[in-house]
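Please have a look at the structure on the screen, and I will walk you through a few places in it.

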Amino acid sequence: MQRPARLNQKPSQVSAVEVIDPGGSYNPTFEAHQALLLKAHDVEVKRLKAEERIERQLNFPTLDKLPTKEMLFEELCQGLVESEEEEDEPSRKCDDETEAGPMGSAVRCEKKTERDRKREKALKTQERRLREEKQARRQRQELFRLRSIKGEVKQVELRRASSKAKRLAKRQAEAHKPRRLGKLRYEEPDIELKLSDELSDSLRKLKPEGSVLADRFKSLQKRNLIEPRQRAKFKRKYRLKYVEKRTFREVTL
């Protein structure tokens with residue numbers, strides 16, 4: 001059985017091993033280190049803004065903003081008390097209806113004569129002839145619009161080509177981004193860096209940052225090889241029991 005061609009394609013164009021910024025070196029230059037600090041600062045500011053937005057959306061009313069008993073009573077009483085003008089309007093309407101009487105709403109049905117039928121038939125024939133003439137005139141005009149129609153077709157083709165180019169560019173840009181393979185979204189790991197007072201001039205004195213295992217795990221997620229996961233929360237069902245065995249008592253004695 002022949003292997004499908006799609007299985008030979010990489011799920012992501014991200015390289016397996018990404019090179020860190022120059023500011024992440026154990027002995028970086030001042031400019032590179034400051035650039036990395038600024039990048040980490042921007043990430044932290046975005047995170048704080050997102051948290052503040054969520055807090056504003058979940059801003060529950062405090063005790064001062066809760067409605068009082070008087071406000072609730074006024075809200076319940078709305079619509080129960082009507083003004084005198086509103087009460088007088090229905091009575092006026094009833095008086096008008098009584099004055100009109102049943103004869104005002106009666107419709108007299110008259111029988112059509114032969115002359116009326118012929119007149120209606122002639123009007124319908126004339127309307128149909130006008131519609132046919134209008135359609136024939138429109139068709140003749142479209143024959144003279146061939147040049148403008150060609151221009152419109154060319155514009156439609158240009159719009160389709162531009163939209164196709166945009167879709168292709170979007171697809172190429174998304175090729176370097178992690179896709180959503182499960183119910184969780186991929187989250188970028190924290191930038192590993194040292195503060196200015198934590199930098200050391202010797203590699204032996206340098207304290208390591210991050211974990212190689214966590215870095216490889218995040219790389220697999222970013223390259224769409226595995227879905228983002230969370231550590232399972234283990235909850236013990238029963239309480240632990242400590243039993244003192246016979247052999248333990250013999251040793252202690």
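Let's begin in helix H1, which covers residues 30-57: Glu 44 and Arg 47 both sit there, three residues apart, or about one turn of the helix. Helices here are DSSP runs of H or I with at least four residues, strands are runs of E with at least two, and the numbering starts from the N terminus. Glu 44 and Arg 47 form a salt bridge, with 3.7 Å between the closest N and O atoms. By salt bridge I mean a side-chain nitrogen of Lys or Arg within 4 Å of a carboxyl oxygen of Asp or Glu. Glu 44 counts as partly exposed because its relative accessible area is 37%, and Arg 47 is partly exposed too, at 35% relative accessibility. For those words, buried is under 20% relative accessible area, exposed is over 50%, and partly exposed lies in between, with a 1.4 Å probe and protein chains only.

Before I go on, a word on what you are looking at. This is a predicted model, in which local features need pLDDT of at least 70 and side-chain atom pairs count only at pLDDT 80 or more, while totals for chains, interfaces and linings use all residues. Residues are numbered from 1 along each chain as its sequence is written, and side-chain values use heavy atoms, leaving out hydrogens and water.

Now the overall picture. The protein has seven helices and zero strands, so from the N terminus on its elements read α-α-α-α-α-α-α. Of its 253 residues, 7% count as buried. The accessible surface comes to about 25500 Å², and 54% of that belongs to carbon and sulfur atoms; these areas come from the Shrake-Rupley method with a 1.4 Å probe, and for residues only the protein chains shown count as cover. Contacts are heavy atoms within 4.5 Å. Among contacts between residues at least 6 apart in sequence, 69% join residues at least 24 apart.

Back to the charged pairs. How many salt bridges does the structure hold? There are ten. One of them joins Lys 222 to Glu 188, with the closest N and O atoms 3.8 Å apart. Lys 222 lies in helix H6 and Glu 188 in the loop between H5 and H6, so this pair ties together parts that are 34 residues apart in sequence. Lys 222 is buried, with a relative accessible area of 16%.

Another salt bridge brings together the side chains of Glu 209 and Lys 194, at 3.2 Å from N to O. This pair links distant parts of the chain, 15 residues apart, with both Glu 209 and Lys 194 in the loop between H5 and H6. Is each partner buried or exposed, or something in between? Glu 209 is partly exposed at 39% relative accessible area, whereas Lys 194 counts as buried at 13%. There is also a network: salt bridges that share partners join Glu 18, Glu 188 and Lys 222.

Staying in the loop between H5 and H6, we find Ser 200. Ser 200 is buried because its relative accessible area is 13%. Leaving aside residues up to four places away in sequence, Ser 200 touches Tyr 26, Lys 205 and Leu 206.

Further along is Asn 224, in the loop between helix H6 (212-222) and helix H7 (246-252). Its phi is near 65 degrees, a positive value in a residue other than glycine. At 8% relative accessibility, Asn 224 counts as buried.

Last stop, the surface patches. Patches are made of residues with over 30% relative accessible area and no salt bridge; like charges are joined within 9 Å, and nonpolar side chains (Val, Leu, Ile, Met, Phe, Trp, Tyr) within 5 Å. Leu 146, Ile 149 and Val 153 make a nonpolar patch of about 240 Å². Val 153 belongs to helix H5, residues 146-174, and is partly exposed at 42%.

Lys 134, Arg 137, Arg 138 and Arg 140 form a positive patch. Lys and Arg count as positive and Asp and Glu as negative, without His or the chain ends, and a charge is placed at NZ of Lys, CZ of Arg, CG of Asp or CD of Glu. Arg 138 lies in helix H4, residues 114-143, and counts as partly exposed at 40% relative accessibility.
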